[in-house]
Amino acid sequence: MDEVLPQKNWWQRNWKWALPTGGCLVVLILIVVFVVSLVTGVSTLFKESKPYQTALTKAQESEWVIEQLGEPIEESGIAQGNINYSGNQGTADLKIPVKGPKNSGEILVWGDKSGDEWTYKYIRFRVSGSEQEYDLINNRLLSAESD
């Protein structure tokens, strides 16, 4: 009489490839979660900063920008640049993508912080596909040679 051997379950048959594959998948998921958390955290820090909020408000209140983009004007993507703080001193150099129903563009911000006050070298708006910039501090169109 032949002896009946118990059949191996799925894990017993496939553990040699399933274990390394599962381990790699877990590592890949952890890396993706870390990168997403990092991008979200940096984006949140930018959005909560005074230079970011000031620049976005100036763009949303500018008649020239409203004419170019339409209303409402809102953020469209992730801001680029950097903000540095050291005690009561700081600097900001940001590029904020914005959009409206008619077009899109970017706000360029460069400022310094001393104490609780920010002083801006410039806050400018540029329509996508154009080199023309609008000074949001002095409310005037800049010539191509302006710095």
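Student: Which residue in S3 is the bridge partner of Gln80?

Tutor: That partner is Lys95. Please keep in mind that this is a predicted model. Strand S2, residues 80–86, pairs with S3 in the antiparallel sense over seven bridges.

Student: How many residues lie between the strands in the hairpin of S2 and S3?

Tutor: Two residues lie between them, and Gly87 in this hairpin takes a positive phi near 65 degrees.

Student: And how many bridges join S3 to S4?

Tutor: Eleven bridges join these antiparallel strands. One of the facing pairs is Pro97 with Glu106 in S4. The hairpin from S3 to S4 runs through four residues.

Student: Changing topic: which residues have the most contacts inside the largest nonpolar core?

Tutor: They are Val65, Ile96, Val98, Ile107, Val109, Phe125 and Leu136, in a core of 24 residues. Its largest share, five residues, comes from S5. Val98 also stands opposite Glu75.

Student: What does Val109 touch beyond its neighbours within four places in sequence?

Tutor: Its contacts include Pro51, Ala55, Leu94, Ile96, Tyr120 and Ile123.

Student: Now Lys113: is it buried or exposed?

Tutor: Lys113, which lies in strand S4, is buried and has no salt bridge. The nearest side chain of opposite charge, Asp116, is 4.8 Å away.

Student: Why does Asp116 not count as a salt-bridge partner?

Tutor: A salt bridge requires the charged atoms to be within 4 Å, and Asp116 is 4.8 Å away.

Student: Which backbone oxygen lies 3.1 Å from a polar atom of the Lys113 side chain?

Tutor: That of Gly115. Lys113 also touches Tyr85 and Trp118, among others.

Key
Residues numbered from 1 in each chain as written. Predicted model: local features only at pLDDT ≥ 70, side-chain atom pairs only at ≥ 80, totals over all residues. Heavy atoms only, no water. Buried < 20%, exposed > 50% of the residue type's maximum accessible area, 1.4 Å probe, protein only. Lys, Arg positive; Asp, Glu negative; His and termini not counted. Polar contact = N/O pair within 3.5 Å; in protein donor to acceptor, adjacent residues only side chain to side chain. Contact = heavy atoms within 4.5 Å. Core = buried A, V, L, I, M, F, W, Y, C linked by side-chain atoms within 4.5 Å. Pairing = 2+ DSSP bridges.
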